[in-house]
Structures are given as C-alpha cells and as structure tokens.
Amino acid sequence: MSAISVRGVWVEFGDQIVIENLNLDIASGSFVSVVGPSGCGKSTFLRLVLGQDRPTRGALLLDGRPLPDEPDADRGVVFQRYSVFPHLTVLGNVLAAYELGQSRFAARLFGAKRRAAIEQADELIASVGLAPHRAKYPSALSGGMQQRLAIAQALAKNPKVLLLDEPFGALDPGTRAQMHALLKPLWARLGMTVIMVTHDLKEAFGLGTRVIAFDKTRHDPQAPGRFGARVTYDLDLTRDGPVPVLGALRPPAEARAAQ
Ligand SMILES: Nc1ncnc2c1ncn2[C@@H]1O[C@H](COP(=O)(O)OP(=O)(O)OP(=O)(O)O)[C@@H](O)[C@H]1O
C-alpha cells in the first residue's frame, strides 16, 4: 500500500498550461477514480504518477519520498489497449513481467527462480480467469481477455500503485461489467492504491472509494492554453452521507453494506 502526495504541481507544454497548481493527498489503499472532460489532463496526471512525464513545477511524493523519474516496479499501468506483447503467450506475457520486475541485470530467470515465477504467474493467470487460455497468444483472445491479461501483467510486478487509463473503455458493456467484478475483489485482496481514469461515471462511482473531477475553471478565448485544469470535485465515497450519483442520491454506507 502506498500514499501519494502531489504538491503544487504544474504541467505546461510550450505555452499551454495543462495542469495548474495541483495539490492532492491520496491515501494508501484507496481506489481513486479520475474523471473530467476530454483533454483536461487526466492521462497527463497518470503519466506524472507513473514517472513517464515530469511536472514543470512542483513535486510528487510516494510514501514521503520523491517519485523516481522513471517508471519502476512500484507502479503498474494498464492502458485502454496494446499493453500486452503480441508475440508472447498468456503465460509468456505474465512471465515477462516477472522477469522484468525481478531481474534488473539479466532479463531472463533460470532454474528454481524461473519455476517459482511460473508458479506465481499461473496463480495470477487463474485469478484473472485465464487459466484455460495460458498457452494462447493475444491475437486468439477477446478484448476483455486481453485486458485481463494486461491487468495480470501489471500485477505481476506487485506494484504499490496500479494506474489504469480507461482500462475498459474499448470493451462492450457486458465485458466491462465482468471486468468490474474482477477488479474490485483483486484490489481489496491485494490492498494496492489504484488510480483509474475513466469517462464512465457509473464505473467511477461503482469502483472508486474517491472520485476526483478535473476541469478548467477559467477560460481565455484569446489564449485557450492560458489556464490549466484543477480539481473541481473531490468526493470521498467512504464517508457516510449523500453523494450525488448521476442525478440520484447514493444510499448511506449501512444500506450499501447490506446490498
Ligand atoms: N507530450 C505532449 N506535448 C504537448 N501537449 C501534450 C502532451 N501530452 C498531452 N498534451 C496536451 O495536454 C492536454 C491534456 O491531454 P491528456 O491526454 O492528459 O487529456 P485527457 O484528459 O486524458 O484527455 P482524454 O479524456 O481525451 O483522454 C491536451 O491538450 C494534450 O494535447
């Protein structure tokens, strides 16, 4: 589990301000959904936490220490598409993640370490429901199966923080619901901190313990890049009390627990 602090973060590309003075504290083990209009900087924020992009100003901390500048095994990521290796089987994909995560200097594991990695990979493959498909290549898997594989691959590194960028955006509603049913118990069992960008409000509220909305609050028609996005809503769903969901009121925690 891991806590993330965002301190006075700005992101600028040339004269375009994308994120403006962002301050956030994300608790260990929380599941944060990030929503907001297209182009408001949600993926940019995720790339900052991943270490793929750096803030123009400000700092990000993981457990009180500056986030490393490059992605590492502490942070796993699943994108909407294309995050699995097409030339490797299901097992090969998950094993590759173990190899990359565990062996910094030699890319392959051998002997007892490899056997242990295969055992762990098989457990993970089973936990995302892909055991019968372990020898298949991604081209032989459905979109939902490929995303389950991408999740297994991200989890193989045993990350403290799992970053999800519209992970189910390309899936049909039925498969999406299956993915929700898979992800929530996995998150609860593994106790990771999850940050998920989504355009689907139902998904955001259904999975998240907290929903953060990004948006630009100021606009200059003469200079569209002059102002960046800020946090416009920050809803803690673990607290009791009414939370508006799609125009309706969410039931209190007791009633939810009984559901
Ligand atoms: N490397 C880059 N160079 C220049 N501009 C960039 C770069 N990365 C992002 N941007 C700009 O930053 C803004 C925010 O992009 P971002 O992808 O973070 O938005 P988003 O909220 O995730 O959008 P969507 O919901 O459509 O995926 C966009 O205007 C985009 O063009």
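By class, the shell around the ligand comprises 3 nonpolar, 6 polar and 1 charged residues. Here Ala, Val, Leu, Ile, Met, Phe, Trp, Tyr, Cys and Pro count as nonpolar, Asp, Glu, Lys and Arg as charged, and the others, Gly among them, as polar. The model is predicted: local features need pLDDT of at least 70, side-chain atom pairs count only at pLDDT 80 or more, and totals for chains, interfaces and linings use all residues. Residues are numbered from 1 along each chain as its sequence is written.

**Exercise 1.** Identify the residues that surround the ligand.

*Solution.* Step 1: the ligand is surrounded by Phe13, Val18, Gly36, Ser38, Gly39, Cys40, Gly41, Lys42, Ser43 and Thr44. A residue is near a molecule if its C-beta atom, placed from the backbone, lies within 6 Å of it.
Step 1: helix α1 (residues 42-50) gives the most to this shell, with 3 residues. Helices (H or I, at least four residues) and strands (E, at least two) are DSSP runs, numbered from the N terminus.

**Exercise 2.** Describe how domain 1 meets domain 2.

*Solution.* Step 1: the protein is divided into domain 1 (1-71 + 160-169 + 192-259) and domain 2 (75-158), with bounds from an automatic or database domain assignment.
Step 1: 13 residues of domain 1 are in contact with 8 residues of domain 2; contact requires C-beta atoms, placed from the backbone, within 7 Å.
Step 2: on the side of domain 1 that touches domain 2, α1 and β7 (161-165) each supply at least two residues, and β7 gives the most, with 5 residues.
Step 3: by class, that side of domain 1 has 9 nonpolar, 2 polar and 2 charged residues.

Methods
Contact = placed C-beta atoms within 7 Å.
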